[in-house]
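Visitor: I am new to this structure and would like to learn how to read its charged pairs. Please start with one case.

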Amino acid sequence: MNIVIVGQGAIGLLCYAHISQVTAKQTSLLSSANQHENTNFTFTDHHNHEHNFAINNAEVNELKQADVIVYCVKSYQVCQAVKETQPFLKANALMVLAHNGMGCVEELASKVDLNITQPLLAMLMTHGSKKLSSSHIEHTGVGVIDIGLVDIDLAERGTLATSQAENRVQQLLSILTSAMPPVHWHNNIQQKQWLKLAVNCVINPITAINNIDNGQVNSAQYKPLIEKVMTEVVTVAKSVGVLLKFDELITTVLTVADATAKNCSSMRADVLANKTTEIDYINGYIHNLGKQNGIATPENTQLWQTVKALEALSH
């Protein structure tokens, strides 16, 4: 399979490092317009061993030959990245979205003329990756990959259109399992997306606003806020037919914060680096969906506005 990975961020390079070890010359990397194209980079694996990788930079020809294109870009870059690449793709190429937050699919549905024969998948990763410099990344934590079909139009996209597409998905799962195990396929990836969103609604803004490591989210002072945020998430999710369990969400947040205790969240890193955050697609998504369905979300709204204020100060 020919695989093109879009984005030279921490996750894009992490995926490239692992997948290119399995597929060698069939994997190429396309940097987004605002990122410097490196010809090679250093990868420190989770055993603290260093590896040097030459980057096979993707051009139009690689896009035309791609069986799979994986978009490892920030949520606010997804729509533009798909717009720029999709016209060159084969009619049955798999398009895989790997980003934080939710709301990108709705944007794509309204702004991009998606081909029904190009299956759209969501890939959720709990692997930790840190960019030490423009040409050096570190695998800071081993996680899991959850992947499944995204429904834009349930009538048309609920199933894979052809057996060829099914075979291609099976090939992709096999490659990912060899490269970055474990990998789990989900017939209902939306449920997993909401679970990840709920965790992000707590850990990302709290660490960014208070400039703390993930583990400190578990301190007693944040408990009332976490419970209020989760109550709102459960209510908003229910309004769109997604059932989440409050107790399970609280346990998951505490577990993730503990497991990544010394990590700097991506949102905190963006704030510290004066970069745009993904808050619009995390707490902002809860705010907007709540507004659409007549549900007040004061805690999520406050976190969203506070992070937006931090962004404004740094720009």
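Guide: Side chains of opposite charge can pair when their charged atoms come close. Here Lys74 and Glu278 form a salt bridge, at 4.0 Å from N to O; the term means a side-chain nitrogen of Lys or Arg within 4 Å of a carboxyl oxygen of Asp or Glu. This pair links distant parts of the chain, 204 residues apart: Lys74 sits in the loop between strand S5 (68-71) and helix H3 (78-85), and Glu278 in the loop between helix H10 (266-272) and helix H11 (283-292). Helices (H or I, at least four residues) and strands (E, at least two) are DSSP runs, numbered from the N terminus.

Guide: This is a predicted model, in which local features need pLDDT of at least 70 and side-chain atom pairs count only at pLDDT 80 or more, while totals for chains, interfaces and linings use all residues. Residues are numbered from 1 along each chain as its sequence is written, and side-chain values use heavy atoms, without hydrogens and water.

Visitor: Is Glu278 buried or exposed?

Guide: Buried means under 20% relative accessible area, exposed over 50%, partly exposed in between (1.4 Å probe, protein chains only). Glu278 counts as buried because its relative accessibility is 5%, whereas Lys74, at 22%, is partly exposed.

Visitor: Where do Glu311 and Lys308 lie?

Guide: Both are in helix H12 (residues 298-314), three residues apart, about one turn of the helix.

Visitor: How many salt bridges does the structure hold?

Guide: It holds seven.
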